[in-house]
Amino acid sequence: MSTRRRTLSGLGAGVAGALAAGGLGPFAAGDARAAAPQQGPLWPEVYRFRLGAFEITCLLDGKIAMDGPHPIFGQDRTPEEVVELCRANFLPGNRFVNGFTPLLVNTGREIVLIDTGNGAARRPQAGRLRELLGRLGIAPWQVDVVAITHFHPDHIGGLMEDGAPAFPNARIFAGRVEYEFWTAEERLSGPTENTAKLVRANVVPLSERITFLEDGQEVVPGITAMSAFGHTPGHLVFHIESEGRRLLMWADTANHYVVSVQRPDWHVRFDMDKQAAAATRRRIFDMCAAERLPVAGYHMPFPALGFVERTAESWRFLPATYQFEV
Ligand SMILES: [Zn+2]
């Protein structure tokens, strides 16, 4: 029995529908090509690999070049200190590139999307998720589950499309603490105003379909939420495990692959609670380094996969090369 047929046997309606509609991969239409490995970079914005029995696809919603890293990163440091760290890591000190990488996990039973990107309407140059799913042969209705790490606009921007649910059949999973924080009346003024308004437009209308996650709660078998508070009050990461292979989707625990990992205590403008975010980084880097746990990080350089190594004074992020393809 071919791998493809074996995979087909245990599928939910969404996956079976996707296969019927032309397959999950871009080459699935022809049998000979379907038998070829579909791992590694399929296109510059799409990277696919196997994790046990799961098939995981990293999707580059977009990337934007910005001024910095200082003062966004190292807000409490001098510009010179941040520039020096950048130079030591062969990075420019005045510009950096920020990418946005949601994950699609095909468990063999269901298609699970972790975070939804910026949304095409909100940010056309960096809201390409649905376009990429379409090129992969996955229609929005075929996504069975959407799991949200936190409610910043670059993660919930793609939840609604033209005022309607972007993934009409999906069960939604989101953190209870995050939801309660952002929907409180007092968030509608001050620095939280814009995000709170987006939460009311993109998340609140879906509330009937949301399962509110607590620390340690399962989304689907093999995908578990873990509290990683600090970046936002209810920020979650997802532990993914299949057949003994593991991956931590750490979302926005670290938002710059050099500055946030090598200097976890430096203040980051996007972190709502600087102390808690730093403590979470230390805890999660420790776990990843000690357990040699592979990482998917939403803002890490595409395909946003890598490893954390302990160094004499802190940690270092090692971007993946071919580890996920062999
Ligand atoms: Zn983010």
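Modeller: Happy to, and let's start with Asp115, which counts as buried because it has 28 C-beta neighbours inside 10 Å, where 20 or more are needed. Please keep in mind that this is a predicted model. Asp115 sits in the loop that runs from β7 (111-114) to α5 (129-135). Its phi is near 70°, a positive value in a residue that is not glycine. As background, most residues other than glycine have a negative phi, and most peptide bonds are trans.

Arg292 also has a positive phi without being glycine, here near 50°. This residue belongs to the loop between α10 (274-291) and β17 (295-297). Its surroundings give another class: Arg292 counts as exposed because it has 10 C-beta neighbours inside 10 Å, and the limit for that class is 12 or fewer.

Now to the peptide bonds. Gly68 and Pro69 are joined by a cis bond, with omega about 10°. A cis bond also joins His70 and Pro71, with omega about 5°. Pro69 lies in the loop between β4 (62-67) and α4 (79-88), and the loop between β4 and α4 is the place of Pro71 too.

For the setting, the protein has 10 helices and 19 strands. Of its 326 residues, 47% count as buried. Among contacts between residues at least 6 apart in sequence, 67% join residues at least 24 apart.

In helix α7 (residues 176-183), the buried residues are Val177, Glu178, Tyr179 and Trp182. Their cover includes β11 (171-175), α8 (193-202) and β12 (210-213). In general, an α-helix has 3.6 residues a turn, so residues three or four places apart point the same way.

As for the strand, Thr224 is part of β14 (residues 223-227). Setting aside neighbours within four places in sequence, Thr224 is in contact with Gly216, Gln217, Glu218, Val219, Phe238 and His239.

Key: Residues are numbered from 1 along each chain as its sequence is written. This is a predicted model: local features need pLDDT of at least 70, side-chain atom pairs count only at pLDDT 80 or more; totals for chains, interfaces and linings use all residues. Helices (H or I, at least four residues) and strands (E, at least two) are DSSP runs, numbered from the N terminus. Two residues are in contact if their C-beta atoms, placed from the backbone, lie within 7 Å.
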